[in-house]
Amino acid sequence: MGRRGVTGAARGGALLVVGDVITDVVARHRGPLAPGTDTAAAIRTLPGGAGANVACWAARRGGGEVRLLGRVGADAAAWHERELVARGVRPLLVVDEEAATGTVVCLVDEDAAGERTFLTDSGASLRLEPGDWSDALLDGVARLHLSGYLLFTESSRALVAVALKAARARGVPVSLDPASAGFLVRLGPDRFLTLVEGVDVLLPSRDEACLLTGASDAADAAARLSRHVPLVVAKQGAEGALLARSGEVWARVPAVRAVPRDTTGAGDAFTGAFLAALLAGADPEQAAREGCGAGAQAVERTGGRPPALD
């Protein structure tokens, strides 16, 4: 594909995100869980999903229309649509009549800098399939982003292949966030790299980058991955971000200081703001700075989404 996905020069069109739409049940507790008995917690039900979160943070940053293709169950379709619209996203939701909306239980330890553990029931979210795709979805689109969660089921992997082919045919740059180190272990690094062939920008976390390369150092991992993908942006949380291409790290962007409350969705916030900035014409380093700023905002909130637009 062309270098538009690396330089950020594509502008004037929409961002299409394809990914998961999830109901998050966030349980905030202090200290270790107490097996076999009660652990006091503050519990909230919130809209989430990596793909949906990315779309919402991109819309918050502004710079172009943001659309989201996802699959939800009939049980929560109307609620999710309202929540997306309230954050400036144009939802393109497929309603699954057989599976319930995906649900994630997020256990957030307030005594451990807001670190979280996920219990995941993907439900309808990973039942996206090629039949849910139409090349017309790319009309007016300047950039396509794929949630890495789509690589973890056969049907959604097939959708990724169809979407990548359509994007290549139109010259639309494509980005992908690997999404989950835990799921990547089962998929395997070699298979992952084969599936993402043709992607312009890869946005792994530090753990994901190291897992995909076998490297123990994030910079080394990002550099190695950039031999497979033109631009790699490795997200390092409180240590900022690394940008690599052609086998070398060429920029290091510091994190924005924040007081963590809940780290859920911080990487999604980075990705959304980064992509929106590219869409608006920013260069990758400036876009990464905006991503770090959004990540800092995210960790100071409960849940993975920005507030609704005024």
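The model is predicted, so local features need pLDDT of at least 70, side-chain atom pairs count only at pLDDT 80 or more, and totals for chains, interfaces and linings use all residues. Residues are numbered from 1 along each chain as its sequence is written, and side-chain values use heavy atoms, with hydrogens and water left out.

**Exercise 1. State the strand order of the open sheet and find its edges.**

Step 1. Nine strands form the sheet, in the order 5-4-1-8-9-10-11-12-13, with mixed pairing. Strands (E, at least two residues) and helices (H or I, at least four) are DSSP runs, numbered from the N terminus. Two strands pair if DSSP finds at least two bridges between them.

Step 2. Strand 5 (90–96) and strand 13 (248–253) each have a single partner strand, so one side of each lacks a neighbour in the sheet.

Step 3. Helix 4 (residues 154–170) packs on this sheet and touches strand 1 (14–18), strand 8 (141–147) and strand 9 (174–177). Contact means heavy atoms within 4.5 Å. The helix direction makes about 160° with that of strand 8. Axes are lines fitted to C-alpha atoms, for helices over the stretch in contact; angles run from 0 to 180 degrees between N-to-C directions.

**Exercise 2. Compare the pairing of strands 10 and 11 with that of strands 12 and 13.**

Step 1. Strand 10 (residues 201–202) and strand 11 (residues 231–235) run parallel, joined by two bridges. Val201 has Leu231 as its bridge partner.

Step 2. Strand 12 (residues 241–245) pairs with strand 13 in the antiparallel sense, over five bridges. Here Leu242 stands opposite Arg252.

Step 3. The hairpin of strands 12 and 13 has two residues between the strands, and Ser246 takes a positive phi near 50°.

**Exercise 3. What surrounds Glu208, and which side chain of opposite charge is nearest?**

Step 1. Glu208 sits in helix 7 (residues 206–213).

Step 2. Beyond four places in sequence, Glu208 touches residues including Asp177, Pro178 and Ala179.

Step 3. Glu208 is buried without a salt bridge; Lys235, the nearest side chain of opposite charge, is 5.7 Å away. A salt bridge needs a side-chain nitrogen of Lys or Arg within 4 Å of a carboxyl oxygen of Asp or Glu. Lys and Arg count as positive, Asp and Glu as negative; His and the chain ends are not counted.

Step 4. The Glu208 side chain reaches the backbone nitrogen of Ser205 at 2.8 Å.

Terms used: Buried means under 20% relative accessible area, exposed over 50%, partly exposed in between (1.4 Å probe, protein chains only). A polar contact is a pair of N or O atoms within 3.5 Å; within protein, one must be able to donate a hydrogen and the other to accept it, and residues adjacent in sequence count only if both atoms are side-chain atoms.
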